[in-house]
Amino acid sequence: MTETLSRDHLVTSIETLERIYGHPHGPSVAKETDRITTHYRAFIEAAPFFALASNGPEGIDCSPRGDDPGFVRVADPKTLMIPDRRGNNRIDTLRNIVRDPRVSLLFLIPGIGETIRVIGRASISTDPALCESFIFAGKTPRSVIIVAVESVYFQCSKAIVRSKLWDPSRHVDRKSLPSNGTILAELTEGRLGGEAHDREAPARLKATLY
């Protein structure tokens with residue numbers, strides 16, 4: 001059944017939004033800064049994962065990024081450096097950055113309720129010395145994303161608490177959801193994916209992690 005959405009109740013202006021929600025105040029405003037403070041640095045360096053949002057002519061993209069804590073380097077209070085580790089070679093994020101440098105990062109730390117949000121402008125460097133400074137497991141990233149920080153603030157823990165994200169009892173059994181091979185097989189009418197794809201996945205992941 002398709003729900004019918006009444007256009008009479010669509011919010012189409014900032015004025016309407018502010019009438020519904022009011023204005024932020026106190027800590028909601030005071031927590032934002034234009035640089036990476038000592039305390040914010042501690043959170044960023046403890047995070048093994050963040051989501052990177054970017055924008056391009058084709059639309060919005062959001063990419064997961066993860067590695068050992070500290071893989072995002074705080075070069076100075078206004079600069080973050082991120083090695084572009086091996087991925088699926090779609091390079092959606094990098095394509096976007098070349099055409100529109102605006103990015104947003106959301107850092108998550110296992111067991112911690114607060115998340116850290118960073119907004120800024122990104123560039124891509126292939127400087128050999130810089131890339132080599134991020135060597136890990138014997139592999140050098142092909143490029144490094146450099147983020148010029150414009151805004152940093154923490155998000156309170158409400159979303160993490162409501163979702164029970166870090167509660168082990170809420171972990172989902174991977175087998176309860178469609179496998180990657182199943183998804184690919186359906187989308188390609190059997191040309192890709194299938195049981196062989198799933199069977200070979202662990203070895204493929206190990207061989208291509210870095």
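Analyst: What follows goes from the salt bridges to the strands, the pocket and a surface patch.

This is a predicted model, in which local features need pLDDT of at least 70 and side-chain atom pairs count only at pLDDT 80 or more, while totals for chains, interfaces and linings use all residues. Residues are numbered from 1 along each chain as its sequence is written, and side-chain values use heavy atoms, with hydrogens and water left out.

Side chains of opposite charge can pair when their charged atoms come close. A search of the whole structure finds 8 salt bridges, a salt bridge being a side-chain nitrogen of Lys or Arg within 4 Å of a carboxyl oxygen of Asp or Glu.

One of them joins Arg121 and Glu150, whose side chains meet at 3.0 Å, N to O. Arg121 lies in strand 6 and Glu150 in strand 7, so this pair ties together parts that are 29 residues apart in sequence; helices (H or I, at least four residues) and strands (E, at least two) are DSSP runs, numbered from the N terminus. Arg121 has a relative accessibility of 41% and counts as partly exposed, and Glu150 is also partly exposed, at 40%, where buried means under 20% relative accessible area, exposed over 50%, and partly exposed in between (1.4 Å probe, protein chains only).

The two strands that hold this pair run antiparallel, and 11 bridges join strand 6 to strand 7 (residues 144-155); two strands pair if DSSP finds at least two bridges between them. Within this pairing, Ser123 stands opposite Ile146 of strand 7. Strand 6 (residues 115-125) is also joined by 6 bridges to strand 5 (residues 102-108), again in an antiparallel arrangement, and here Arg121 stands opposite Arg102. Strands 5 and 6 form a hairpin with 6 residues between them, and in its turn Gly111 has a positive phi of about 85°.

A second salt bridge links Asp84 with Arg65, and their closest N and O atoms are 2.5 Å apart. Asp84 lies in the loop between strand 4 (79-83) and helix 4, whereas Arg65 lies in strand 2, so the pair ties together parts that are 19 residues apart in sequence. Both Asp84 and Arg65 are buried.

On a 1 Å grid over the protein atoms alone, a pocket is an open set of points with protein on both sides within 12 Å along at least five of seven lines, and lining residues have an atom within 4 Å of a point. Of the 28 residues that line the largest pocket, Asp84, Arg85, Arg86, Gly87 and Asn88 are the closest to its centre. The elements that give two or more residues to this lining are strand 2 (59-66) and helix 4 (92-99), and strand 2 provides the largest share, 6 residues.

Glu45 and Arg41 are 4 residues apart in helix 3 (residues 38-46), so about one helical turn separates them. Glu45 is partly exposed, with a relative accessible area of 33%, and Arg41 is partly exposed at 36%.

Elsewhere, Val11, Ile14, Leu17, Ile20 and Tyr21 form a nonpolar patch on the surface, with about 520 Å² of accessible area together. Patches are made of residues with over 30% relative accessible area and no salt bridge, like charges being joined within 9 Å and nonpolar side chains (Val, Leu, Ile, Met, Phe, Trp, Tyr) within 5 Å. Ile14 belongs to helix 1 (residues 14-21) and, at 53% relative accessibility, counts as exposed.

Note on methods
Areas by Shrake-Rupley, 256 points an atom, 1.4 Å probe, with all protein chains shown as cover. 1 Å grid on protein atoms, 1.4 Å probe; cavity = no way out; pocket = protein on both sides within 12 Å on 5 of 7 lines; lining within 4 Å.
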